Amino acid sequence: MRADAWLLDVTEESDPGAADITPLDAHERERAAAFRRPVDRHLYTVAHLALRTLLAGLLGARPADLVFGREPCPCCGAPHGRPVLATPGPPPLHFSLSHTPGLVLVATAPVPVGADVEHRPAPESVRDLVSVLHPRERAEIEGEPEGEPRAAALGRIWARKEAYLKGLGTGLGRDPALDDLGGDPVREPGRHPEGWAVRDLLCGPRHHGAVALRTLVPGTKPAPGTGTGPGPGPGFGSESGSGSAPGSASGAEPRLRRFPSLAALRAEPPAPLGE
């Protein structure tokens with residue numbers, strides 16, 4: 001069981017209007033057209049083209065042939081939970097998509113997974129954002145010096161929080177104060193929600209990223225020797241650069257590949273699973 005992540009730099013795209021949107025479905029095109037600002041429309045379009053490129057490569061399919069659906073929301077049961085591939089039977093692959101100005105992050109795994117990338121919040125916004133978090137998270141952030149250190153601590157925890165809530169399928173429909181995502185994910189795994197492993201991603205000097213991976217089906221217990229004790233935790237592999245071959249490894253972070261543009265990703269899509 002392994003989570004893989006891909007980080008795409010959108011700032012290098014030369015012409016926001018040049019992206020071929022043919023692979024997008026009618027719903028994606030409608031969503032893209034609804035953005036008033038061209039930069040937001042471009043970010044959404046590139047993010048969804050990247051998602052289709054990655055999933056199609058892993059599944060040996062054509063990007064335009066992928067059909068998406070939604071799981072029931074864990075909070076209310078309505079069909080607006082985690083996005084999934086609409087296929088008969090269990091999904092062949094789970095995924096999560098996140099984007100922020102300049103960056104797109106996609107994570108995939110054989111089990112439910114959540115991913116988030118965030119631009120570091122401004123120091124002056126920390127006080128308001130911290131107020132909605134878990135008490136231990138608030139104490140951790142407020143224990144940092146004011147200014148950039150405190151903003152960095154908030155950005156790190158907020159990315160973990162969003163990744164975990166997206167993995168659950170609730171998003172911010174679940175109270176952010178209910179779950180503690182602070183601390184060191186490797187040295188303090190018991191602090192995080194049971195059945196989930198959360199890891200930080202290195203996304204640049206002004207961005208924070210995280211991936212959350214379900215490691216235990218709710219209501220079950222881990223098999224002997226697979227519990228969340230000290231160490232890197234189950235499901236994650238070591239970080240590698242663009243061009244590395246698929247394969248699991250032991251390490252403290254999900255395997256991360258970086259691409260300077262959508263064109264670079266399309267030129268080097270992932271190989272189908274199992275190859």
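Guide: Let us begin with the second largest cavity, which is lined by Trp-6, Leu-7, Leu-8, Ala-50, Leu-54, Val-106, Phe-259 and Leu-265. The model is predicted, with pLDDT of at least 70 required for local features and 80 or more for side-chain atom pairs, while totals for chains, interfaces and linings use all residues. Residues are numbered from 1 along each chain as its sequence is written, and side-chain values use heavy atoms, without hydrogens and water.

Visitor: What makes this space a cavity?

Guide: A cavity is a set of points, on a 1 Å grid over the protein atoms alone, where a 1.4 Å probe fits but cannot get out; lining residues have an atom within 4 Å of a point.

Visitor: Which class does the lining of the second largest cavity belong to, nonpolar, polar or charged?

Guide: Ala, Val, Leu, Ile, Met, Phe, Trp, Tyr, Cys and Pro count as nonpolar, Asp, Glu, Lys and Arg as charged, and the others, Gly among them, as polar. The lining of the second largest cavity has eight nonpolar, no polar and no charged residues. Strand β1 gives the most to this lining, with three residues; strands (E, at least two residues) and helices (H or I, at least four) are DSSP runs numbered from the N terminus.

Visitor: Why does His-192 count as buried?

Guide: Buried means under 20% relative accessible area, exposed over 50%, and partly exposed in between (1.4 Å probe, protein chains only). His-192 has 6% relative accessibility and therefore counts as buried. His-192 lies in the loop between α5 (148-168) and β7 (196-201).

Visitor: What is His-192 in contact with, leaving aside its neighbours within four places in sequence?

Guide: Contact means heavy atoms within 4.5 Å. On that basis His-192 is in contact with Arg-160, Asp-180, Leu-181, Gly-182, Pro-185 and Val-198. The C-alpha atoms of His-192 and Gly-182 are separated by 7.5 Å, with the two residues 10 apart along the chain.

Technical notes:
1 Å grid on protein atoms, 1.4 Å probe; cavity = no way out; pocket = protein on both sides within 12 Å on 5 of 7 lines; lining within 4 Å.
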